[in-house]
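Please keep the sequence and the model open while reading.

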Amino acid sequence: MYTEMAVTPCLTVIALLLTMIVIKLVIRRIVGSVQNQRPVPPVVSWVYMMSALPTLLMKGQQVVIQDMHTKLGSVFTLSFFGVKKVTFLAGPEVTAHFYQAPESEISIDNLYEFTVPIFGKGVLYDVDLATRSKQIRFCTDAIQPMKLKYHVDSLLHEVQDYFSKWGEEGTIDLKQEIGNMLMLIAGRCLLGVDIRGKMLVEVSTLLHDIDHNGLHLFSFFFPYLPIPSHQQRDKARAKLGQMFGNIVRLRKNSGRIGVDVLQNFIDSQYKDEYSMSEDEITGLLIALLFGGHHSSSNTATWTGACLLSHEKYFVAAIEEQKKVMGKYGEHIDYKILSEMGTLHFCIKEALRMHATSSLLIRHAKKSFCVQTREGTTYEIPEGHTLASSTVVSNNLSYIYKDPHIYDPYRFSEGREEDKVGGKFSYTSFSGGRHACLGEHFAYMQIKVIWSYLLRNFELKLISPFPEDEWEKFIPGPRGKVVVSYKRRHLVST
Ligand code: HEM
């Protein structure tokens, strides 16, 4: 009797456990089969791919991607012989995971291997994730707004000095002038007074040699292919490394404390309290210069081209300078720069229309699901390469009213189209885990230059409005951007 009483609850527990296991298996089966039923994204047909080839060659990938987006929607896959599959994602509804997922699910490292011969061994995409995260933190710390404010004075000094060499009136290539100007500014912020005039011209030339020879499509897939252009790239990188290495060593040995990125890197320490080596510091300095120079220079030039061909906003930007001068006189600091809202919107809008990274790329380490605006759920399989087109995302007409029109006030209070559209609506600086860490730095540089130009020169665009260099890795305005200038002194209101 006693034994019978003890066995009965035991059997009940076992029966309950078995029932739970069966229910769990059934649920898993049902969920699994539902998941398996989730469709994969539509695949671009071979017929379409072949017919799009002439457009691809003549007008570039953006036109083709835009067309595929119109035909297939916000998620679609390109299959290259079934071996390589690239899934395109456009718009905030489907890109959150792309931007935010941890590296174990959506990764970037293998795709950025082409940067290793450029940035150098031992930094960023050549090191494990933990070290890379630490190095990215060193960079973020070195150019955070709190530290940027100390640079404004010396930047203004560089800008005044540079433009004092212009005559009373004349014509210039805005692209060239802004490129030179930004190299001086970047040199000042990164390396302080240790790098000057002649050296910067050499840095400019070497940087040009590196990107001209190291950013071909085949460099992306085979960065170490022993071809002449890669040899040129490596030669230029070695020279640049030597130059920067000397500067790092001299600073360390001199004991002088600078107020620049170099000093921040020298003072940075890994968790176990050891400092970065000279090679690591050199690599990070080159990465920042490389990552920031072209994009800032292109954006500053596009801002000029857009302002000079849109009277309404040009006048508004000048009026804003007059007001700022009325309040603060000639003085400019970081806070005053941040009060230049109209100029900020003019830059942001130029960058929306002319993004410097047209395609952001990742790798799906794990499959994941996205739901489109229309409510369709797609499963994107593990192993796919993922691509988000900034050009398509920044031109979605359900987010940006008349996206083809230059309208800086779309970002102003009351409209804020990018915010209303949701996180990841404006992707010119990317977003999430790999968001550009130089955004504040970029705005600061571009505002310093443009506030100076607006205050001191009458400007006119002489050449036609430039086309985009769609074939370039970091596309900018094509050809010369010829502008005439005449000195003036703006009077405050
Ligand atoms: C208007 C100027 C700029 C634009 C449009 C721009 C754009 C971008 C974009 C789109 C990315 C992300 C790429 C991706 O998601 O795959 C990025 C990353 C980055 N940018 Fe910028 N950038 C600008 C200026 C700068 C400047 C001035 C610096 C530094 C001085 C800088 C440093 C970096 C770095 C270090 C990363 C890598 C971040 C990471 O992987 O975590 N950028 N930038």
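Cys436 counts as partly exposed because it has 17 C-beta neighbours inside 10 Å; a residue is buried if 20 or more other C-beta atoms lie within 10 Å of its own, exposed if 12 or fewer, and partly exposed in between, with C-beta atoms placed from the backbone. This is a predicted model, in which local features need pLDDT of at least 70, side-chain atom pairs count only at pLDDT 80 or more, and totals for chains, interfaces and linings use all residues. Residues are numbered from 1 along each chain as its sequence is written.

Cys436 sits in the loop between α19 (417–420) and α20. Helices (H or I, at least four residues) and strands (E, at least two) are DSSP runs, numbered from the N terminus. Leaving aside neighbours within four places in sequence, Cys436 is in contact with Phe429 and Ser430, where contact puts the C-beta atoms, placed from the backbone, within 7 Å. In UniProt, an unreviewed entry places the feature "binding site" at Cys436. UniProt positions are given in the numbering used here, feature names are shortened, and annotations may be inferred rather than shown by experiment.

## Around the ligand

Of the 23 residues around the ligand, Gly292, Ser295, Ser430, Cys436 and Gly438 come nearest; a residue is near a molecule or strand if its C-beta atom, placed from the backbone, lies within 6 Å of it. The shell contains 12 nonpolar residues, 11 polar and no charged. Here Ala, Val, Leu, Ile, Met, Phe, Trp, Tyr, Cys and Pro count as nonpolar, Asp, Glu, Lys and Arg as charged, and the others, Gly among them, as polar.

Three helices, α6 (129–142), α14 (278–308) and α20 (439–456), each give at least two residues to this shell. The largest share, seven residues, belongs to α14.

## Two positive phi angles

Most residues other than glycine have a negative phi. Ser430 has a positive phi, near 60 degrees. Ser430 is in the loop between α19 and α20 and is partly exposed, with 18 other C-beta atoms within 10 Å.

Leu124, also not a glycine, has a positive phi of about 45 degrees. Its place is in the loop between α5 (116–119) and α6. Leu124 is buried, because 22 other C-beta atoms lie within 10 Å.

## The nonpolar core

The largest nonpolar core has 90 residues, of which Leu190, Val261, Leu285 and Ile449 touch the most other members. Such a core is a set of buried Ala, Val, Leu, Ile, Met, Phe, Trp, Tyr and Cys residues joined through C-beta atoms within 7 Å. Helix α14 supplies the largest share of this core, 13 residues. Not counting residues up to four places away in sequence, Ile449 touches Val159, Ile178, Met181 and Ala300.

Phe265 lies in helix α13 (residues 261–267) and is buried, with 24 other C-beta atoms within 10 Å. Beyond four places in sequence, Phe265 touches Phe138, Ala142, Met276, Ile281 and Leu284.

## The sheet

Five strands form an open sheet in the order β1-β2-β8-β5-β3, with mixed pairing. Its edge strands are β1 (75–80) and β3 (106–107), each pairing on one side only. Two strands pair if DSSP finds at least two bridges between them.

Strands β5 (residues 359–364) and β8 (residues 385–389) pair in the antiparallel sense over five bridges. Leu360 stands opposite Ser388 in β8.

Notes:
Two residues are in contact if their C-beta atoms, placed from the backbone, lie within 7 Å.
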